[in-house]
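Dear colleague,

Please find the structure below, followed by a short account of what was found in it.

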Amino acid sequence: MSPTTAMYVAQAIHGLAYGMLLFLVASGLTIIFGMMGILNLAHASFFMLSGYFCYTIITLTGDFWLALLIAPVGAGICGLLVERFLLRKVHVQGHLAELLLTVGLMLVILEVVKAGWGTESMMIKMPNGLDGLISVANMTYPVYRLFVIGLSLVVLGIMALILYKTRLGMIVRAAVSDADMVSALGINTPLVFMVVFGFGTWLAGVAGVVAAPLLTVFPGMADQIGMDAFVVVVVGGFGSLIGAFVVALFLGELNAYGIQFIPRLAPVLMFAFMAIVLAFKPMGFFGERE
Amino acid sequence: MRNNLSRWIYWVVGLVILAIYPQVVGIYYTNVFVGFAIFALYAVTLNLLLGYMGVLSFGHAMFFGVGAYSTALALTHIQGFPLLPALLVGGLAGAMLALILSPLLVRVSGTAFAMLTLAFGQLIFVLALKYREVTGGEDGVGGYPTPSFNIPGVVSIDMTDQINFYYFAVAVIIVCLWVLWFYTKTPFGSLVVGVRDNAMRIDYLGFKLSHTKAVNLIVSGCFAGIAGAIYALFQNLVSTLGVLDIGTSFAPILMAYIGGLGSFFGPIVGSGILHLLEDVTFRITEQIELVNGLVFILVVLYAPMGIVGLLRQAKAKWFHKEKVS
C-alpha cells in the first residue's frame with residue numbers, strides 16, 4: 001500500500017473509532033429523548049464523570065479492566081438518582097423546565113468535578129497488550145483504537161439484542177413511540193424511564209472510560225463529544241437509533257478527514273452540517289416528530 | 001387618575017435613586033450596577049423570544065457577541081469613531097445576524113429551534129476563536145479608545161470616567177428597555193404572543209407567520225447587539241470566552257427563568273438577583289458556576305414561575321379578598 005492510501009485508510013479507521021464512541025454517547029441521548037422528551041444536556045457530564053471514576057479506580061487498584069467494569073456503573077447509578085429525585089419531579093412542568101434542570105446539573109457536575117479532582121488533565125495508561133501498534137499490509141495502526149471499535153460493536157450488539165429480543169426492549173420501543181399509551185396498558189412507565197435513563201448514562205459512562213486513555217481526563221474532556229452527540233441526535237432524528245448510528249459514523253469520518261484537510265474549519269463542519277440539515281429537514285433524517 | 005399620578009411618582013423616585021446611586025455606593029458597586037443593567041437588557045431580549053414567542057434560543061450569545069465585536073472592531077480600526085454610532089454598529093450587527101439567520105430559524109420551533117441556535121452560536125464561537133487575525137482569538141480585541149459623548153458646540157463628556165459612563169449606560173439601557181416595553185404592548189407584540197399560544201390560528205387569521213417571527217427575531221437580535229456594544233465600551237475588552245461562549249448564552253436564560261418568563265420585568269429582576277448572588281458568592285468561594293447551577297436546579301424544582309411568579313402568587317393569596325371584589 002502506498003503511503004497516501006495508508007494515510008487515507010488510517011484516517012478512515014480513526015473516524016470509525018470516533019464515530020463508534022460518538023454513537024455510544026448519542027444512543028443513550030436519543031433513547032432518553034425519544035421516551036421522555038428530555039434533551040439531556042448533562043449527558044456528556046456523565047461521560048466526563050465516568051472518566052474521573054476510571055482515573056480514581058486505576059490509581060487505587062491499577063486495573064483498567066476493573067475500571068471499565070465499575071466506573072460506568074457508578075455513572076449509571078448517578079443517572080438513576082438524577083432521574084428519580086430531580087427529573088421526575090419537574091416532569092409535569094414541561095420540557096423547558098427539564099431542559100433547564102439538566103443545564104443546572106451540567107454546571108453542578110462540572111464544578112463538583114473541578115473541586116474534587118482539580119482542573120489539570122490526568123493521563124491514563126492504556127492497558128497492557130493494547131498499547132502497541134499493529135502492522136497490517138505495510139501500515140501500522142494503534143491497537144487501542146481497534147479495541148475501541150470492537151468494544152463499541154459488542155455493546156451495540158448487546159443493546160440491539162435487548163431492544164429487539166426482550167420484553168423490556170419491546171416496552172422501551174413502544175414507549176419511544178407513545179409513552180402515554182404504554183402507561184395506559186398498565187406498565188409502570190416511571191420505572192422504565194428510570195431504568196432507561198440509568199442505562200443511557202451507563203452507555204455514556206462506558207464511552208467515557210474507553211475514551212479516557214485517548215483524551216486524558218480533564219474537566220473539558222466531554223466538550224467536543226457532547227456537542228457532537230447533540231448534533232448526531234438532532235440530525236439523525238430525535239429518538240431514532242438507526243439515525244444516530246448512521247450519522248455518528250458519518251460525523252466521525254467528517255471529523256477525521258476535516259482535521260486532515262482543513263484543520264482550521266474542522267470544528268465548524270459539524271455545526272454547519274447540522275444547520276443545513278435542520279434547515280431542510282427540521283425532524284432530522286430518520287425522525288418521525290420534532 | 002390616581003393610578004397615573006402614582007406611576008409618575010414611581011418614575012421620579014426611580015430616576016432619583018439611579019441618579020444618586022453612584023454617589024452613595026462608590027465606584028465598585030457603580031460598576032456592578034452597570035454590569036447588571038447590561039445583562040438585564042440582554043436577558044429581556046432573550047425573553048422576547050422565550051417568554052413572548054415561546055422559542056428557546058440556546059445561542060443568544062451570538063447576537064450579544066457579534067454586537068460587542070463589531071463595536072470593538074469599529075473603535076479599533078476607525079480613528080475617532082464617535083460614541084453613539086459605536087452603539088448603533090453593535091445593534092446593526094446583531095440585527096443583521098438575526099436577519100441572515102431568520103430564513104432558517106423561522107422554519108423550526110421547539111427543540112429544533114434550540115438546537116439550531118445552539119449550532120449557530122457554536123459556529124460563530126469557533127469561527128471567532130480560529131480567525132485570530134480579525135478577532136484576536138482567545139486574547140480578544142482590547143485597548144481600543146473609548147470615545148467621548150460629543151454634541152458639537154454643546155457638550156463633551158469624557159466617557160473614560162466611570163461615573164459618567166454609568167449615567168450614559170443606564171440612560172441608554174432605560175431607553176432601550178422602554179422601547180422594548182412599548183414594542184411588546186403594540187398590536188404586533190400581541191401578535192408575537194399569539195404565535196406562541198397558537199401559531200396555526202394566527203396563520204388562519206391571515207397574518208404572515210414567518211414574517212412575524214422574523215421581525216421579532218431581528219428586534220431581539222438588534223437589542224442584544226446593543227447590549228453587547230455597551231458591554232464592549234464598558235469592559236474595553238472583548239474576547240470569545242467573555243461574550244460568545246456558551247456560558248454567555250446560558251446566563252440570560254437563567255436570569256429570565258429565575259425572574260419569571262411570564263413578565264417583561266422578570267428577566268431584569270433575575271439579572272439583579274444573579275448579580276447580587278455573584279457578588280456575595282465571590283466573597284465566600286470562587287465557584288460561581290456551582291452556585292449558578294444549584295440556583296438553576298432549585299428554581300426549576302421549587303419556583304417554576306420565577307420570582308415574579310412567586311410574588312404574584314403571594315399577592316393573590318394575601319390580597320385574595322380584594323382581588324375577588
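In chain B, Leu254, Tyr257 and Ile258 of helix H11(B) meet B:Asn292, B:Val295, B:Phe296 and B:Val299 of helix H13(B); two residues are in contact if their C-beta atoms, placed from the backbone, lie within 7 Å. The residues of this contact comprise 6 nonpolar, 1 polar and no charged (Ala, Val, Leu, Ile, Met, Phe, Trp, Tyr, Cys and Pro count as nonpolar, Asp, Glu, Lys and Arg as charged, and the others, Gly among them, as polar). Helices are DSSP runs of H or I, at least four residues, numbered from the N terminus.

This is a predicted model, in which local features need pLDDT of at least 70 and side-chain atom pairs count only at pLDDT 80 or more, while totals for chains, interfaces and linings use all residues. Residues are numbered from 1 along each chain as its sequence is written, and chains are lettered from A and ligands numbered from 1 in the order in which they are written.

Between the chains, 32 residues of chain A are in contact with 30 residues of chain B. On the side of chain A that touches chain B, H4(A) provides the largest share, 12 residues. By class, that side of chain A has 26 nonpolar, 2 polar and 4 charged residues.

B:Ile38 lies in helix H1 (residues 2-53) of chain B. B:Ile38 is buried, with 26 other C-beta atoms within 10 Å (buried requires 20 or more). Beyond its neighbours within four places in sequence, B:Ile38 is in contact with B:Ala227, B:Ile230, B:Tyr231 and B:Phe234.

With kind regards

Definitions and conventions: Helix = DSSP H or I, 4+ residues; strand = E, 2+ residues; numbered from the N terminus. Buried ≥ 20, exposed ≤ 12 C-beta atoms within 10 Å, placed from the backbone.
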